[in-house]
Amino acid sequence: MPATAPAPLTVGFDLDMTLLDTRPGIHATYRALSAETGVAVDADLVVTRLGPPLLDEIRNWFPAGQAERAAARYRELYREHAFAPTVPLPGAHAAVEAVRAHGGRVAVITGKYEPNARLHLEHAGLDADVLVGDLWAETKGQALRAHGASIYVGDHLGDIVGARHADAVAVAVATGPYGADELREAGADVVLADLTGFPEWLDRHLGPDAFRGSDTF
């Protein structure tokens, strides 16, 4: 009976504050929403706690009956204000390329509205094999499991929950709202200062016999 081929490597990545520094664009979008609606939003505070779903944040500023409409308008304004100031975080491109070098697939699993997440990736020149948006914590884990991800890289405690839910290795980067100690205490398997350390870690994690496309002649 022929041996079963091993499942291809799939690595999941969060988007906001993992691959991309979206704080300037989010800040600008909330300021635009505030100016348009007359509702005071502390954009400086908002960008210190990115991660949870948009509606969770919107409900801190808008009455319950207005929250859905405000979130929809935010997503529209986002396209006008958010893409130009957003930049890849250090090591983002190299981290994606490291997965590719091992013959792997890249899955971006994010809480961001999926159409806007796709535009962010295009603007930043980052290619993903899989993109799933509008997810958080356990629902991220469901998507990771569905796409066979064995590693999930994120910056938030909710990303660690998602990795755990999928039985994936939880790799945390301290580029978001939590420091290395907090991420470690929350159960991250690996904590990196940022994505610049990810390629070397992935090489060690997969071992010397792992496939690397750059080593194929």
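Tutor: We begin with a term: a salt bridge is a side-chain nitrogen of Lys or Arg within 4 Å of a carboxyl oxygen of Asp or Glu. The model is predicted, so local features need pLDDT of at least 70 and side-chain atom pairs count only at pLDDT 80 or more, while totals for chains, interfaces and linings use all residues. Residues are numbered from 1 along each chain as its sequence is written, and side-chain values use heavy atoms, with hydrogens and water left out.

Student: How many salt bridges does a search of the whole structure find?

Tutor: Side chains of opposite charge can pair when their charged atoms come close. Here the search of the whole structure gives 15 salt bridges. One of them joins the side chains of Arg-100 and Asp-129, at 2.4 Å from N to O. This pair links distant parts of the chain, 29 residues apart: Arg-100 is in helix α5 (residues 92-101), and Asp-129 is in the loop between α6 (114-124) and β5 (130-132).

Student: How are such helices and strands assigned, and how many does the protein chain have?

Tutor: Helices (H or I, at least four residues) and strands (E, at least two) are DSSP runs, numbered from the N terminus. The protein chain has 10 helices and eight strands.

Student: Are Arg-100 and Asp-129 buried, partly exposed or exposed?

Tutor: The classes rest on relative accessible area: buried means under 20%, exposed over 50%, and partly exposed in between, with a 1.4 Å probe and protein chains only. Arg-100, at 31% relative accessibility, counts as partly exposed. Asp-129, at 44%, also counts as partly exposed.

Student: Which residue forms a salt bridge with Arg-145?

Tutor: The partner is Asp-167, with 3.0 Å from N to O between the side chains. Arg-145 lies in helix α7 and Asp-167 in the loop between α8 and β7, so the pair ties together parts that are 22 residues apart in sequence. Arg-145 counts as partly exposed at 46% relative accessibility, whereas Asp-167 is exposed at 63%. Salt bridges that share partners also join Asp-14, Lys-140 and Asp-159 into one network.

Student: What is the phi of Asp-167?

Tutor: Most residues other than glycine have a negative phi. Asp-167 has a positive phi near 55°, and its place is just after α8. Met-17 also has a positive phi, near 65°. Met-17 lies in the loop between β1 (10-13) and β2 (20-21). At 3% relative accessibility Met-17 counts as buried, whereas Asp-167 counts as exposed.

Student: Which residues of α8 are buried, and against what do they pack?

Tutor: Contact means heavy atoms within 4.5 Å. The buried residues of α8 are Gly-158, Asp-159, Ile-160, Gly-162 and Ala-163. They pack against α7 (138-146), β6 (151-154), β7 and α9 (180-185).

Student: Where is Val-39 placed, and which residues does Val-39 touch?

Tutor: Val-39 is in the loop between α1 (23-37) and α2 (43-46). At 18% relative accessibility, Val-39 counts as buried. Leaving aside residues up to four places away in sequence, Val-39 touches Ser-34, Trp-61 and Phe-62. By contrast, 49 Å separates the C-alpha atoms of Val-39 and Gly-103, which are 64 residues apart along the chain.

Student: What radius of gyration does the protein chain have?

Tutor: The radius of gyration is taken over C-alpha atoms, and the globule rule is 2.2 Å times the number of residues to the power 0.38. For 217 residues, a compact globule would have a value near 17 Å; the protein chain has 18 Å, which agrees. The C-alpha trace spans about 65 × 35 × 35 Å along its principal axes. Of the 217 residues, 47% are buried. Among contacts between residues at least 6 apart in sequence, 60% join residues at least 24 apart.
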